[in-house]
Amino acid sequence: MTTSAVGLVVDEHDAGIAGLNVIIEDVSQQFDVLLDSQVTDADGKFTLHYVGYKFAPATPGRQIRKLRLRVRVGQHVVKEIVQEELTTDDQLTVPNIRLTRE
């Protein structure tokens, strides 16, 4: 079960993009649950922290959760990644998120 997600938002020249809103949500429940949000730093890095989730695959409502990471400029979503939570790691490492600076 993971308790944090880390990553980097870069432009087409691999330079970090600062000031973007990054949020992570649990979208495996009936209603989406905001887990954490942060603004990218000067290098485009982000680290999100959230509470761990003990899952029991055989128990209804306790399956592996699906996490959605969004990168936003204001309220406009410029990138969205959805994936299932890792069951063996404490940290979810997101591959570099590449955006055009424009």
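Me: Which strand is His76 found in?
Reply: Happy to start there: His76 is found in strand S6. Keep in mind that this is a predicted model.

Me: Why is His76 called exposed?
Reply: The cut-off for exposed is over 50% relative accessible area. His76 has 54% relative accessibility, so His76 counts as exposed.

Me: Where does His76 sit relative to Thr3?
Reply: Their C-alpha atoms are separated by 26 Å, and the two residues are 73 apart along the chain.

Me: What makes the radius of gyration agree with a compact globule?
Reply: For 102 residues, a compact globule would come out near 13 Å; the protein has 14 Å, and therefore the two agree. The C-alpha atoms fill a box of roughly 45 × 25 × 20 Å along the principal axes.

Me: How many helices and strands are there in the protein?
Reply: There are 0 helices and 8 strands, so the pattern along the sequence reads β-β-β-β-β-β-β-β.

Me: What does the search of the whole structure find in the way of cavities?
Reply: With a threshold of 30 Å³ or more, 1 cavity turns up. About 60 Å³ of space lies in the largest cavity. Strand S5 (66-73) and strand S6 (76-84) are the elements that give two or more residues to its lining.

Me: How do the residues of that lining divide into nonpolar, polar and charged?
Reply: The lining is made up of Ile24, Leu67, Leu69, Ile81, Gln83, Leu92 and Val94. The division is 6 nonpolar, 1 polar and no charged.

How values were computed. Residues are numbered from 1 along each chain as its sequence is written. This is a predicted model: local features need pLDDT of at least 70, side-chain atom pairs count only at pLDDT 80 or more; totals for chains, interfaces and linings use all residues. Side-chain values use heavy atoms; hydrogens and water are left out. On a 1 Å grid over the protein atoms alone, a cavity is a set of points where a 1.4 Å probe fits but cannot get out, and a pocket is an open set with protein on both sides within 12 Å along at least five of seven lines; lining residues have an atom within 4 Å of a point. Grid points are joined across faces, edges and corners, and a volume is the space filled by probe spheres set on the points. Helices (H or I, at least four residues) and strands (E, at least two) are DSSP runs, numbered from the N terminus. Ala, Val, Leu, Ile, Met, Phe, Trp, Tyr, Cys and Pro count as nonpolar, Asp, Glu, Lys and Arg as charged, and the others, Gly among them, as polar. Buried means under 20% relative accessible area, exposed over 50%, partly exposed in between (1.4 Å probe, protein chains only). The radius of gyration is taken over C-alpha atoms; the globule rule is 2.2 Å times the number of residues to the power 0.38.
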